[in-house]
Protein chains: 2
Amino acid sequence: MRANDFKGILEKNKSDFALFYTLDQEPNPNMFYFSGYRGVGALIIPKKKSPCLMVPKMEVERAKKSMVKQVCVMNKKRFFESISNIIKKRGILSKKIGIDNDNFSLNAYKYFKKTFKNVKTKDIFYDCLKLREVKTNKEIRILKKSCNYADKIIKKVINNFKDFKTETDVSGFLEYETKKLGLDIAFSPVVASGSNGSMPHHEPTNTKLKKGFCVIDFGVKYKGYCSDITRTIYLGKASGKEKQTYNFLLDVQENIINNIKINDNCGKMYGDCVKNLGKYSKYFIHGLGHGVGVEIHELPNLSLNSKDKVMENMVFTIEPGIYIPKKFGIRIEDTVLMGKKANVLTKVSKDLLII
Amino acid sequence: MRANDFKGILEKNKSDFALFYTLDQEPNPNMFYFSGYRGVGALIIPKKKSPCLMVPKMEVERAKKSMVKQVCVMNKKRFFESISNIIKKRGILSKKIGIDNDNFSLNAYKYFKKTFKNVKTKDIFYDCLKLREVKTNKEIRILKKSCNYADKIIKKVINNFKDFKTETDVSGFLEYETKKLGLDIAFSPVVASGSNGSMPHHEPTNTKLKKGFCVIDFGVKYKGYCSDITRTIYLGKASGKEKQTYNFLLDVQENIINNIKINDNCGKMYGDCVKNLGKYSKYFIHGLGHGVGVEIHELPNLSLNSKDKVMENMVFTIEPGIYIPKKFGIRIEDTVLMGKKANVLTKVSKDLLII
């Protein structure tokens with residue numbers, strides 16, 4: 001946790017403490033980022049005292065393994081009352097509370113206001129996102145390792161490709177190899193063969209792999225940090241035209257990566273990519289890339305109208321694609337780390353592999 | 001989709017249409033329930049016209065495979081404006097809109113209000129949950145199959161147990177077998193050996209499996225519907241006392257299942273379980289069970305203070321447990337379908353298996 005930077009956010013927002021919560025199985029990314037805990041509960045970070053986690057009885061042992069030293073038991077039925085009690089007990093001021101409006105539901109807010117009647121709230125969601133956009137050295141070490149693991153598994157899948165009969169054989173193998181290393185997947189892998197490839201987020205099916213391009217989009221979570229890589233391979237006999245299209249997209253992708261400079265505008269980068277795709281630009285139907293960290297999609301946002309700027313120690317993807325409806329899809333994606341120039345962290349060969 | 005029941009919700013809440021949305025990768029369960037679509041986008045269900053999905057360009061092909069016939073492209077940057085435009089185009093009234101306050105963030109609401117200035121909203125979250133609590137015949141067929149798959153995979157893991165060295169070997173195998181069948185996992189499997197077992201939601205580690213009880217909590221998603229089963233096995237040589245504790249818990253679990261009757265109060269069922277656990281009751285640190293459907297946790301809620309009543313065609317878990325901090329954990333869980341009495345859908349043997 002970057003305690004000092006976070007203190008700055010509380011000061012800027014004139015807030016006495018920050019409150020993050022998770023009520024279901026889905027971890028709140030900011031709560032995880034600042035605590036290392038990903039279960040149900042609440043995280044309180046006061047401006048002046050040490051942070052505190054409040055979790056259901058069944059999660060106490062797990063919470064004690066997080067970065068937060070102080071762990072209290074909460075009453076799940078009286079969630080915000082428990083928080084209020086602990087705040088009073090610890091003598092923390094609560095005139096103004098920083099909350100994450102993007103991860104705070106209307107219903108939770110209703111109950112929150114019943115307990116914290118005369119308290120003002122300030123949305124610190126965007127400030128937290130901004131804080132997470134530039135990575136610390138420790139985060140960079142973890143992200144490099146995360147990309148490393150993704151590479152290893154992608155290579156293994158490619159080496160074993162002849163054994164797979166269906167898309168789910170492939171995605172299952174990707175997930176199994178991930179789990180065997182004690183890691184999590186960063187997102188549900190995409191394995192999209194033939195005409196399925198024209199859906200960028202196609203869910204793998206257990207019918208026979210189709211001939212033609214096969215898009216494999218995959219990433220792991222290592223110590224909570226994501227990696228993201230896409231390789232498109234070819235099943236069967238590729239025509240000259242198909243090889244040409246693939247290599248054209250590869251040129252576009254590498255050209256973008258080689259030309260990223262500190263301070264580049266991310267919206268303009270997207271625009272340049274569209275320009276470079278020429279006649280294929282109308283078949284490029286998603287953003288050029290996104291930041292990668294504790295979430296698979298975070299800042300910077302490399303798409304139309306984005307005002308984000310490239311900064312040193314950002315980690316993001318570059319992933320142009322061509323999707324011809326009902327015919328095929330090709331996507332080539334790397335996770336890069338911005339230094340003086342962009343360093344590719346995902347190193348699996350991008351030469352078209354024909355299987 | 002249960003169009004007629006849903007119409008009743010809109011009428012009861014005097015709403016012209018219902019609006020559900022998902023902005024990130026995490027699908028909104030109500031949106032999935034009523035559409036079968038689980039990507040980014042919005043679902044509009046008018047009281048009088050047919051429902052409509054609005055999705056980003058990249059998801060159009062996927063959305064067309066859902067239950068909703070009408071699919072429109074949205075502008076992600078102007079999310080709620082896109083919705084407003086389409087509503088106007090289709091001549092749908094929008095004086096009062098039913099929304100899901102539990103899956104509507106403060107930030108989304110802020111943008112929503114900028115577009116829908118003079119529109120009232122009504123929270124239909126709980127009505128949707130209630131609608132989903134009792135399953136249709138079609139849902140029951142799917143849930144039975146989902147439990148069937150979970151059984152098959154648990155049996156396979158038990159038969160192969162001698163090959164596993166770590167908890168992640170086991171959880172990885174569970175996930176791989178799931179994927180190979182073209183299914184999803186319903187939640188991150190728990191494999192908790194030895195003292196790890198005292199954390200009900202322990203995340204599997206890749207260190208050597210510990211001797212003693214090993215809790216395996218697992219479920220799949222088949223056609224979007226969850227199953228949930230926990231078996232506790234024993235690694236090594238179980239003492240008489242340990243066997244006794246296991247069989248005591250098993251008696252408690254079976255006793256509860258055998259005595260469930262229509263109209264039983266779920267809070268009282270939890271209380272009865274605590275009573276039956278006797279001296280172990282202080283080591284029972286979570287609820288007795290929960291409904292299972294498109295979400296792994298839904299209504300009814302079988303825990304302290306719950307006012308839910310058991311009804312025919314509900315599907316829920318019964319999962320008492322004993323957790324001695326830093327020593328061990330035992331949990332035995334089945335998914336049951338309520339008919340005249342409770343029918344166990346997860347059928348793997350509950351005799352203590354010693355490996």
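**Notebook: a predicted two-chain model**

Residues are numbered from 1 along each chain as its sequence is written, while chains are lettered from A and ligands numbered from 1 in the order in which they are written.

**Entry 1: the two copies**

A rotation of 180° with 0.0 Å of shift along its axis superposes chain A on chain B, with an RMSD of 0.0 Å. The two copies are thus related as by a two-fold rotation axis. The superposition is by least squares on the C-alpha atoms of residues with pLDDT of at least 70 in both copies. Both copies use the same surface, since 100% of the contact residues of chain A recur in chain B. I take contact to mean that the C-beta atoms of two residues, placed from the backbone, lie within 7 Å.

**Entry 2: the contact between the chains**

I looked up how many residues take part: 39 from chain A and 39 from chain B. On the side of chain A that touches chain B, α3 (60–63), α5 (106–115) and α8 (167–180) each supply at least two residues. Helices (H or I, at least four residues) and strands (E, at least two) are DSSP runs, numbered from the N terminus. The largest share of that side of chain A, eight residues, comes from α8(A). By class, the side of chain A that touches chain B has 11 nonpolar, 17 polar and 11 charged residues. Here Ala, Val, Leu, Ile, Met, Phe, Trp, Tyr, Cys and Pro count as nonpolar, Asp, Glu, Lys and Arg as charged, and the others, Gly among them, as polar.

**Entry 3: two domains in chain A**

I looked up the domain assignment of chain A, which gives domain 1 (3–132) and domain 2 (134–344). Such bounds come from an automatic or database domain assignment. The centres of domain 1 and domain 2 of chain A, taken over C-alpha atoms, are separated by 34 Å. Six residues of domain 1 of chain A are in contact with six residues of domain 2 of chain A. On the domain 1 side, α2 (29–35) and α6 (125–133) of chain A each supply at least two residues. That side of domain 1 has four nonpolar, no polar and two charged residues.

I looked up strand β1 (residues 17–22) of chain A, and six of its six residues are buried. A residue is buried if 20 or more other C-beta atoms lie within 10 Å of its own, exposed if 12 or fewer, and partly exposed in between, with C-beta atoms placed from the backbone. Phe17(A), Leu19(A) and Tyr21(A) lie on one side of β1(A), with Ala18(A), Phe20(A) and Thr22(A) on the other, and both faces are covered.

β1(A) runs parallel to strand β5 (residues 96–99) of chain A, joined by three bridges; Ala18(A) has Gly98(A) as its bridge partner there. With strand β2 (residues 41–46) of chain A, β1(A) pairs in the antiparallel sense over six bridges, and Ala18(A) stands opposite Ile45(A). Two strands pair if DSSP finds at least two bridges between them.

The largest nonpolar core has 191 residues, and Leu19(A), Ala42(A), Ile44(A), Leu19(B), Ala42(B) and Ile44(B) touch the most other members. Such a core is a set of buried Ala, Val, Leu, Ile, Met, Phe, Trp, Tyr and Cys residues joined through C-beta atoms within 7 Å.

**Entry 4: backbone angles**

I note that most residues other than glycine have a negative phi, and most peptide bonds are trans. The peptide bond from Leu299(A) to Pro300(A) is cis, with omega near 0°, and Pro300(A) is found in strand β14 (residues 298–302) of chain A. Lys223(B), not a glycine, has a positive phi near 50°. Lys223(B) sits in the loop between β10 (220–222) and β11 (225–226) of chain B. Lys223(B) counts as partly exposed because it has 14 C-beta neighbours inside 10 Å.

Definitions and conventions
This is a predicted model: local features need pLDDT of at least 70, side-chain atom pairs count only at pLDDT 80 or more; totals for chains, interfaces and linings use all residues.
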